[in-house]
Amino acid sequence: MLMKIIKFIAVSLVITALVPLGLIASQWPMKLETIQTGETLNFEAALAGDLETAAEPEQIQMRDGWSMPVRKYGLPDAEKPLLILVHGSGWNGLQYNAIAQNLANDAHVLAVDLRGHGATPERRGDVDYIGQMEDDLADLIKAEAAKDQQVVMLGHSSGGGLVVRFAGGANGALIDDAILFAPFLKHDAPSTRADSGGWAHLLLRRVIGLSILNGFGFTGLNHLTAIQFNMPAEITQGRYGHLATTAYSFRLNTGFAPREDYLSDIAALPNFTLVVGSEDEAFYADKFEGVMRAVTDKGRYVVVEGVDHLGIIDADETLSAIRAHLR
């Protein structure tokens with residue numbers, strides 16, 4: 001009888017392991033050239049930006065010894081806010097060059113290259129564990145914020161999702177305010193378009209399999225690619241192609257978005273302003289307020305007419321909305 005029970009348990013464990021492993025093995029990353037044949041976001045605004053005027057990055061050491069590249073704009077001033085700019089998926093802190101320069105008199109501005117991104121990643125598109133980017137941002141605040149200084153965290157797209165995640169996590173009390181540019185809330189949130197407008201190629205079966213394994217505490221395969229991005233050839237083969245990140249591991253991608261119960265993370269946000277373009281290709285601009293107001297009354301929502309997903313960063317109305325929030 002005992003042997004039968006042992007055999008039954010052993011068979012059950014094997015079957016339990018085979019299902020997620022089968023899902024993972026059933027889907028592999030595509031060649032970037034294949035992904036690039038489909039529609040994607042409008043990168044005209046990103047290509048038009050003058051990056052030659054960007055500040056040189058300083059290196060801020062994190063708890064594990066890794067140095068985060070941070071571009072600083074404006075002088076440290078405890079009487080002004082510390083404004084941390086968190087970039088979106090696939091890119092780096094240079095996307096904020098123009099707006100950071102414009103805000104240099106309003107705040108002490110820090111534009112970061114998140115771990116796994118930019119010119120000098122340890123491992124492009126990967127981190128050590130889920131949640132490491134939250135820890136990095138916490139380390140940055142502790143290193144740079146003066147006592148009693150207002151700390152504002154701003155994020156675009158996935159960067160906005162990371163700000164939401166940060167607010168709902170263990171370090172959420174470190175920020176006083178948030179500014180969200182067209183934030184990614186969840187792949188199945190009402191605000192998210194299918195495939196984020198052709199930008200994101202999610203390896204869904206692989207993600208499901210890895211999520212099951214993580215549910216059992218097994219994280220040994222979290223380095224596997226979980227999502228790829230349709231970064232156009234004008235970027236990847238152009239002058240700044242060495243800065244592009246076209247795929248994420250499961251652990252980086254998971255930690256770059258709100259948790260599964262994303263509404264709880266949203267509910268934890270401090271006072272925030274959300275800015276989105278009416279022509280956003282990745283998200284439904286008119287659905288953010290309904291989703292978020294259901295769990296928090298701390299938000300102000302600004303829809304900028306005629307502006308798309310990447311164009312929202314440098315729109316005049318966006319700069320005005322930030323200054324209004326900082327005041």
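Trainee: Helices here are DSSP runs of H or I with at least four residues, strands are runs of E with at least two, and both are numbered from the N terminus. How many helices and strands does the protein chain have?

Mentor: The chain has 12 helices and 11 strands. Its radius of gyration is 20 Å, close to the 20 Å from the globule rule for 327 residues, so the chain is as compact as a globular protein of that length. That radius is taken over C-alpha atoms, and the rule is 2.2 Å times the number of residues to the power 0.38.

Trainee: What am I looking at, and how are residues numbered?

Mentor: This is a predicted model: local features need pLDDT of at least 70, side-chain atom pairs count only at pLDDT 80 or more, and totals for chains, interfaces and linings use all residues. Residues are numbered from 1 along each chain as its sequence is written, and side-chain values use heavy atoms, with hydrogens and water left out.

Trainee: Thanks. What does the C-alpha trace span?

Mentor: About 75 × 45 × 40 Å along the principal axes.

Trainee: And how much of the chain is buried?

Mentor: 52% of the 327 residues. Buried means under 20% relative accessible area, exposed means over 50%, and partly exposed is in between (1.4 Å probe, protein chains only).

Trainee: On to sheets. What is the strand order in the sheet of 8 strands?

Mentor: The order is β1-β2-β4-β3-β5-β6-β10-β11. The sheet is open, and its pairing is mixed. Two strands pair if DSSP finds at least two bridges between them.

Trainee: Which strands are at the edges?

Mentor: β1 (58-61) and β11 (299-304), each pairing on one side only. From one strand to the next, the twist averages 25 degrees. Axes are lines fitted to C-alpha atoms, for helices over the stretch in contact, and angles run from 0 to 180 degrees between N-to-C directions.

Trainee: What does β1 pair with?

Mentor: β2, in the antiparallel sense, over 4 bridges. Gln 59 has Pro 69 of β2 as its bridge partner.

Trainee: Tell me about β4. Is it buried or exposed?

Mentor: Buried. 5 of the 5 residues of β4 (108-112) are buried, so the strand is largely enclosed by the rest of the structure. His 108, Leu 110 and Val 112 point one way, Val 109 and Ala 111 point the other way, and all are buried.

Trainee: How does β4 pair with β2 and with β3?

Mentor: With β2 (67-73) the sense is antiparallel, over 4 bridges. There, Arg 71 stands opposite Ala 111. With β3 (82-86) the sense is parallel, again over 4 bridges. Here Ile 84 stands opposite Leu 110. From β3 the chain passes through helix α4 (97-102) to β4, a right-handed β-α-β crossover. Right-handed means that, with the strands pointing away from the viewer, the path from the first strand over the helix to the second runs clockwise.

Trainee: What holds paired strands together, in general?

Mentor: Strands of a sheet pair through backbone hydrogen bonds, parallel or antiparallel.

Trainee: Which helix has 10 of its 11 residues buried?

Mentor: α6 (158-168). Among the buried residues are Leu 162, Val 163, Val 164 and Phe 166.

Trainee: What do those buried residues pack against?

Mentor: β3, α5, β5, β6, α9 (250-255) and α10 (262-267). Contact means heavy atoms within 4.5 Å.

Trainee: Now the other sheet. What is the order of its 3 strands?

Mentor: β7-β8-β9, an open sheet with antiparallel pairing. β7 (200-202) and β9 (247-249) stand at the edges with a single partner strand each, so one side of each has no neighbour in the sheet. Neighbouring strands are turned by 20 degrees against each other on average, direction ignored.

Trainee: How many bridges join β7 to β8?

Mentor: 3, and the two strands run antiparallel. Leu 202 has Ile 227 in β8 (225-229) as its partner.

Trainee: Where do Asp 148 and Ser 196 sit?

Mentor: Asp 148 is in the loop between α5 (132-144) and β5 (151-156). Ser 196 is in the loop between β6 (177-181) and β7.

Trainee: Buried or exposed, for Asp 148 and Ser 196?

Mentor: Asp 148 is exposed, with a relative accessible area of 71%. Ser 196 is buried, at 10%.
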